[in-house]
Amino acid sequence: MQPSTPQTLQAAQAAERQKYYVAKKTFTSGSGGVTIGEAYCNNAFDIPVTGGCTAPDNSGARLTVSRPGSNLSNPSLPFNWTCGFFNTSAAAQVEAHVVCKRP
């Protein structure tokens, strides 16, 4: 018995979803300075989808940089997302993350 079209489509969708993952880098944003952190895809063949940066709402960490990393021009290096924070209060744990897709 062959699977029905909806079953085949569901299986294909599930297989496609498994290709996506989030790579994260947690780092400390110290008081009174700018801190840069980068999250990297697992390997150079993975395709970047999007990225971002997070900090606790109640911290003094203010986002100053959120952009694709500098590895776009070098295909032998994994893609990265760069985050920068300026912190006006006590040190805070912040995060850079990038969503990647395996080919």
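**Two loops and a sheet**

Asp46 sits in the loop that links strand 2 to strand 3 (47-54). Strands here are DSSP runs of E, at least two residues long, numbered from the N terminus. The model is predicted: local features need pLDDT of at least 70, side-chain atom pairs count only at pLDDT 80 or more, and totals for chains, interfaces and linings use all residues. Residues are numbered from 1 along each chain as its sequence is written, and side-chain values use heavy atoms, with hydrogens and water left out.

Asp46 is buried but has no salt bridge. Buried means under 20% relative accessible area, with a 1.4 Å probe and protein chains only. A salt bridge needs a side-chain nitrogen of Lys or Arg within 4 Å of a carboxyl oxygen of Asp or Glu. Lys and Arg count as positive, Asp and Glu as negative; His and the chain ends are not counted.

Three strands form an open, antiparallel sheet in the order 2-5-4. Strands pair if DSSP finds at least two bridges between them. Strand 2 (34-40) and strand 4 (61-68) are at the edges, each with a single partner strand, so one side of each has no neighbour in the sheet. Strand 4 and strand 5 (residues 80-87) are joined by seven bridges. Ala61 has Asn87 as its bridge partner in strand 5.

Ser59 lies in the loop between strand 3 and strand 4. Ser59 is buried, at 11% relative accessible area. A polar atom of its side chain lies 3.2 Å from the backbone nitrogen of Ala61.

Notes
Helices (H or I, at least four residues) and strands (E, at least two) are DSSP runs, numbered from the N terminus. Buried means under 20% relative accessible area, exposed over 50%, partly exposed in between (1.4 Å probe, protein chains only). A polar contact is a pair of N or O atoms within 3.5 Å; within protein, one must be able to donate a hydrogen and the other to accept it, and residues adjacent in sequence count only if both atoms are side-chain atoms.
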